[in-house]
Amino acid sequence: MSELVTGEAVALELRPAKLPSRALAVLIDLIVAVLVYIAVVIGLVAATSSLDDAAQAAMSVAAFLLVLVGGPIAVETLSHGRSLGKLAFGLRVVRDDGGPVRFRHALVRGGVGMIEILMTFGVVACIASLVSERGRRLGDVFAGTLVVRERIPVGRAGVVPPPAPELAGRFAELDLSGVPDGLWLAVRQYLTRMHQLQPQVSWSMASRLAADVAARTGAAVPPDLQARPAVFLAAVVHERQSRQARQQPRYESGGDHAVTSVSPPAVAPVSEKDVKAPENPQSRSTGFAPPA
């Protein structure tokens with residue numbers, strides 16, 4: 001397993017995707033894109049039959065760029081790095097620091113991909129992926145992205161400490177559907193490793209993740225937890241795990257009785273002593289810790 005290191009020196013245990021799975025995912029995406037392109041061209045030919053040859057050629061080029069280049073860029077941007085092929089193989093495009101990709105990343109990947117995949121039939125992309133230590137093609141290198149595997153065995157995941165007892169059930173009404181899987185993974189990796197970080201670095205990373213989670217849920221971090229972002233993250237993750245456990249009841253051996261209660265792991269709860277805010281007041285306003 002390869003580790004991705006964020007700007008705050010937090011190592012994320014993400015698995016870079018291998019060339020075979022990436023190639024198959026690209027093949028599925030290309031098949032879908034070509035089928036859509038053929039349908040669009042047939043529609044354009046029928047709609048522009050009265051135009052001259054030059055106009056029809058221009059329309060064909062525009063359709064090519066729109067479907068085979070603009071289509072993947074739009075899909076990657078809107079799905080945060082998950083195209084149809086990547087979804088089938090459990091892959092996702094993320095930034096080098098493990099965060100979700102934006103439009104500029106998808107634009108660079110799509111522009112370079114037109115050359116190294118479409119114009120060279122994937123030869124350049126395959127060579128670049130084989131040479132790269134993390135299997136990145138040229139589009140990933142220029143965009144600062146990486147294709148990783150999302151389907152990681154559960155047994156390899158670290159244990160997330162439960163929140164403080166007084167926070168149990170406090171976020172039961174919070175809408176967590178808008179938080180992407182990549183952000184959940186980053187939060188889990190942080191919570192399992194925050195005790196290995198320096199206090200200022202840990203607090204800075206927790207503040208940034210808490211702000212991202214709050215933006216996705218549409219609810220601000222409670223005022224009493226703004227100085228304790230790690231406590232907020234642990235409470236929200238525990239709430240998500242509790243909801244998942246209620247949706248997947250376990251069964252006692254030797255019977256059909258479903259047991260839906262969830263016992264907390266034997267790990268000390270996260271408290272305000274675990275992650276302290278830096279002493280520098282400026283770091284509280286910016287969310288970044290000052291240099292040591």
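1. The open sheet. In this predicted model, three strands form an open sheet. Their order is β3-β5-β4, and the pairing is antiparallel. Two strands stand at the edges: β3 (15-16) and β4 (91-95). Each has a single partner strand, so one side of each is left without a neighbour in the sheet. As background, strands of a sheet pair through backbone hydrogen bonds, either parallel or antiparallel.

2. The β3-β5 pairing. Strand β5 covers residues 145-149. β3 pairs with β5 over two bridges, in the antiparallel sense.

3. Is Asp97 buried or partly exposed? Its relative accessible area is 22%, so Asp97 counts as partly exposed; the cut-off for buried is under 20%. Thr145 is 48 residues away from Asp97 along the chain, yet their C-alpha atoms are separated by 8.5 Å. Thr145 belongs to β5, which runs over residues 145-149.

4. Helix α1, length. Helix α1 takes in residues 19-47, 29 residues in total. At 1.5 Å a residue, α1 should span 42 Å. The C-alpha atoms at its ends are 41 Å apart, which agrees with that expectation.

5. Helix α1, burial. Ser21, Arg22, Ala25 and Ala33 of α1 are buried. Note that Arg22 is on that list. For reading such patterns, an α-helix has 3.6 residues a turn, so residues three or four places apart point the same way.

6. The second largest pocket. How much space lies in this pocket? The volume is about 840 Å³. Its lining is made of 37 residues. Val26, Asp29, Leu30, Pro72 and Ile117 lie nearest the centre. The elements giving two or more residues to the lining are α1, α2 (53-78), α3 (84-89), α4 and α5 (123-131). The largest share, eleven residues, comes from α1.

7. The protein overall. The secondary structure comes to ten helices and seven strands. Of the 292 residues, 39% count as buried. The accessible surface is about 16,000 Å², and carbon and sulfur atoms hold 62% of this area. Take the contacts between residues at least 6 apart in sequence: 71% of them join residues at least 24 apart.

Terms used:
Residues numbered from 1 in each chain as written. Predicted model: local features only at pLDDT ≥ 70, side-chain atom pairs only at ≥ 80, totals over all residues. Heavy atoms only, no water. Helix = DSSP H or I, 4+ residues; strand = E, 2+ residues; numbered from the N terminus. Buried < 20%, exposed > 50% of the residue type's maximum accessible area, 1.4 Å probe, protein only. Contact = heavy atoms within 4.5 Å. Areas by Shrake-Rupley, 256 points an atom, 1.4 Å probe, with all protein chains shown as cover. Pairing = 2+ DSSP bridges. Expected span 1.5 Å × (residues − 1). 1 Å grid on protein atoms, 1.4 Å probe; cavity = no way out; pocket = protein on both sides within 12 Å on 5 of 7 lines; lining within 4 Å. Points joined across faces, edges and corners; volume = space filled by probe spheres on them.
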